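Okay, thanks for having me, everyone. Let me put the model up and then walk through its charged side chains and one hairpin.

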Amino acid sequence: MLHRLRTSVCAFAMSLLCTAGAMAAPSQNGAAFYQNGSFASDGYCIALGEGRYTTADLIAAGIKDNDVTGIKVVPGFKVICYDDDNFSGDNKIEVTADCENVNSIKNDFNDKTSSLEIVKVGPRVATACQDADYKGYTVDLAEGEFTKEKMQWAGINDQDITSMKVKPGFKMICYKDDNFSGDMVEITADCKSIGTDHNGWNDQITSFKVVPNGVTALNTYLVRLKSEESSFFLNAIGNSAEQGHLICQSTNSNEWSQNWILQAVKGTPGVYTVRAWANPTLGLDCKNAGTSNGTKLQLQNVTDGNTYQQFILYKKPDGQYQLVSRSSALVLDVPSSSHNDGIELQLYTNNGSPAQQWTLEIPNLQEFYIEGNIDGYSSDAVIASQKIGEGKFIFKNVKFQSSDSQASAPFHILARRYLTVNGETKSITSYPQSALWLSAEKEKY
């Protein structure tokens, strides 16, 4: 039989943790299990740590067989519940966020849990420390929101944090009251003593959030990414815009594959997908869902919510940028600080070297965008991922017709490989765009 990695101290102690204040020696737990729905206090609540729990294990911890209704999950963990003992059965559910009733995930799963797993997910990007200089007990933290209750389940006493470590690309937003209220302070780098750096904050934190710390001024931006180390540009092998091709660095060229769209991820400020300009359905992806040093990057279809395709655009004090993978906290890196044309790029532990720093350059505007407004189409009518600035839009598959009536609201074509003008397809390089004032008929793509 596979045994759990960690168990609760005892059912009684964990029940106290759910209902009482901080414990002198906090245990680190991944989830709490409620007998009744809506996290009601009229039934038991048992918190458990990372591990695998058979029916016998659950009973020993104070959870009856087939008796779980609600689950709260500590950030950085997920729960897998099975309807039979020993992690088997016809049905199972995964719980990654607080759930008042497991029926909301799978109908008729209430009171059906007979075994479960609590598994770590996501990188640990910050560390909370009890004492100054990173001493006392320490708790490594994933991205997420920690109320007073979840602080305690994670192993942190209320008003007991003095120092913290924070990885580049992330920050801790700390509050003096529960539920992210009261006075607030942001910690964006390692802090040996919060009371020294921020007067009045020692042992005052009652809730906090760990969130990305990326540049938020961008919505959608067309850029080229230039390595500070090699002065080469982010590209795909073979100047490709096809799925599965690996990402490399290459010398400066006029290839469209060196141009990228930074598309903001909705609801997560500072986080972006990095899409190929030549084919915006594709973007940077961590190959094979890799989270270890040396993971290659490739072009793949972008899907919503896929953290392996999400990158924090972190701006360093010197003005250079890093691309921090949200799925691993590793950064885009030129292996061995190479100056070789075509070398495949990787993810690697952040060491702050020039091989991990990038300059954002605006592509040659004479080649890559349309400036001005199109009659009948406002910026809201344009696909959001194609807006690169105020009054500057990128269009694909647009039919253009000559018109002398647009002088009052003209737009100027500065970009497209091909145009359809009066029914005839023309290459933009052979057409005098500097004198081209047109109206447009927009096609979806």
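Predicted model: local features only at pLDDT ≥ 70, side-chain atom pairs only at ≥ 80, totals over all residues.

So, start with Lys112: it is partly exposed, at a relative accessible area of 31%. For the cut-offs, buried means under 20% relative accessible area, exposed means over 50%, and partly exposed is in between, with a 1.4 Å probe and protein chains only. Numbering runs from 1 along each chain as its sequence is written, and side-chain values use heavy atoms, with hydrogens and water left out.

Back to Lys112, then, which pairs with Asp108 in a salt bridge, the closest N and O atoms being 3.3 Å apart. By salt bridge I mean a side-chain nitrogen of Lys or Arg within 4 Å of a carboxyl oxygen of Asp or Glu. How many salt bridges does that rule give? The count is 12.

Another one is Glu145 with Lys209, at 3.8 Å from N to O. Glu145 sits in strand E10 (residues 144-146) and Lys209 in strand E14 (residues 207-212), so this pair ties together parts 64 residues apart in sequence. Helices here are DSSP runs of H or I with at least four residues, strands are runs of E with at least two, and both are numbered from the N terminus. Glu145 itself is partly exposed, at 44%.

Then there's Glu361 with Arg224, 3.6 Å from N to O. Is Arg224 buried or exposed? Arg224 counts as buried, at 12% relative accessibility, whereas Glu361 is partly exposed at 24%. Through shared partners, salt bridges join Arg224, Lys226 and Glu361 into one network.

Now the hairpin. Strands E8 (residues 124-131) and E9 (residues 135-142) run antiparallel and are joined by 6 bridges; to call two strands paired, DSSP has to find at least two bridges between them. Asp131 has Lys135 in E9 as its bridge partner. There are 3 residues between the strands, and Asp133 in the turn has a positive phi of about 60°.

Last stop, Asp65. Asp65 is in the loop between helix H2 (55-61) and strand E4 (70-73), and it is partly exposed at 34%.

That's my tour, thanks.
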